[in-house]
Amino acid sequence: MTETPEPNYEEMITELRDIARKLDDAQTSVEDAVKLHARGMELIAKCEAFLAKAELTITEVHRETESA
Amino acid sequence: MAKKAPVQTTLSFDESESGSASTFISPVRDPNPLPKKEPDVLTVSELGERIRDILDCDGLTNITVTGEVTGYRPNASGHLYFSLTEKGDTDAAVSCVMWKYAAKNLAFPIKDGLAVNITGHVDFYPPSGRMQFIIKKIEPAAGGKTGLYLQKEQWRKQLEAEGTIPRPESEKRSPPLFPTCVGVVTSKTGSVLQDIRNVLSRRYPLPVLLAPAQVQGAGAEVSIVSAIESLQGKVDVIIVARGGGSFEDLFVFNHPDVVRAVRNSAVPIISAVGHETDVTLVDFASDRRVPTPSAAAETVVPDRAILANTLEEYRRRIHDRTRSIIAENHRTVAELKLRVDPSRLSRRLDMMQQQTADLAERIRSAFVRRIESQRDLLSQMQERIFKGASAKIKTASLELAGEKEKILAADPKKPLERGYALVQMGGAVVRSKNQLKKDDRLTLCLADGEVTATVEKII
């Protein structure tokens, strides 16, 4: 099984917004609602993990002009 | 030291009045007549007059002097006062005044420390015994701060003419809401990087790519341009920052090469140079200008505390909605269950049966009524036909009897029984003697048979 690339934070938030919107839609079936709920919880957990793990690193950009 | 009060009297002094300077001297001389003087001994006012005469020479009129402005004090009346000084091995200073009429056309603001060239003449003011330079014209001296100010204005015009600044509102890009990497162009040392680091650590820690640059002094523009270029394609947003400093310290951020590099950056740039009040030309080329480096860091990333709240909000909303959808579906299922209940179905069938029977009965009775009514109609018609036919037959019988009577009465043989004979010749009835001639043979029909006769005589 190939692993799909992990979405970035913005993509996850966009998807969460979409899930919330779909759940508000009266046309959404109960099967879809359950699936959307599971996906929503998964995304929220990932986002929270991202925020918790976020780390500041400062790297100096390597410049050709300097290395030359 | 010059006293304040006499200086105030110079407010009414004007160059045009220099020829009648004695009017200023007389109030000093008249109320306090000096004792009779010796020949060659001058009164102070005479000395003053003599100095003024000497100063009024080519070497001291319409001359230009260079120096630095110190002790600048504009007067509420519009006249400007300062000292022009020279620093170095030979310190020197001269008091200067620029009258209101000359000062009103100044092209730039005068500040202490400005290097200027002043043009005018030297004058002596007897009431205070002061010599001062009367300025007609003042210009920035090359290399001085005013020179830099003019240089900035020149660059501004040039950059505006080529369309580099100002960046139109429509071309101001918003950095991504959740950047993955932030680029910073600033000095490797100094508090700016630390300020940015502090804000990012608190709000939204993420990888920072630092492109160190020399932010002032000769060659700084090359360093900054190179730093901006080195970050292209590697970061989501660039902060070009420098801490507070003097106009000269921040001057490189007006350099056209730097301004163009900011304007042409493919990555959105936030400029944070100096403090709130400092505006450099890069601020007009960047996608956004913020007052300080810390503000820049706050601008480029969201606050994770707020993000965590948002996630909690999503969690609640998704839970609530899903629960509500499931509850709705429970209700629907219960309702459907009730609707498909067997007793309910048999009741429904009974009702349908009843309805069918009712309908059949309605159809049957309607049919019967229809047949009966047709039958009635038929018998009525039969009756009418019968009556009509009987009448007709009766009339016809009567007519027939009449006709029979007539026919019977018209029988040609009937008169024969009473003795008449029917005369015929050649089968035709003879009605006149004129039809006959002698010897014609006639047939006579009698009641009981025929006889033949011959005409003997026509009478």
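This is a predicted model: local features need pLDDT of at least 70, side-chain atom pairs count only at pLDDT 80 or more; totals for chains, interfaces and linings use all residues.

Entry: I looked up strand 1 of chain A and found four bridges joining it to strand 7 of chain B, residues 207-212. The two strands run parallel. Which residue is the bridge partner of A:E60 in strand 7 of chain B? I checked, and B:L210 is the one.

Entry: the interface as a whole. I get 28 residues of chain A in contact with 33 residues of chain B. On the chain A side, the elements giving two or more residues are helix 1 (9-24), helix 2 (30-53) and strand 1 (57-60). Helix 2 of chain A gives the most, with nine residues. I then sorted that side of chain A by class, which came to 15 nonpolar, seven polar and six charged residues.

Entry: the barrel. In chain B I traced a closed barrel of five strands, in the order 1-2-3-5-4. Its pairing is mixed. From one strand to the next, the twist averages 55°.

Entry: one pair inside that order. Strand 3 (residues 92-98) and strand 5 (residues 130-140) of chain B are joined by two bridges. How do these two strands run, parallel or antiparallel? I have them down as parallel. Opposite B:C96, I find B:F133 in strand 5 of chain B.

Notes:
Residues are numbered from 1 along each chain as its sequence is written. Chains are lettered from A and ligands numbered from 1 in the order in which they are written. Two residues are in contact if their C-beta atoms, placed from the backbone, lie within 7 Å. Ala, Val, Leu, Ile, Met, Phe, Trp, Tyr, Cys and Pro count as nonpolar, Asp, Glu, Lys and Arg as charged, and the others, Gly among them, as polar. Two strands pair if DSSP finds at least two bridges between them. Axes are lines fitted to C-alpha atoms, for helices over the stretch in contact, and angles run from 0 to 180 degrees between N-to-C directions.
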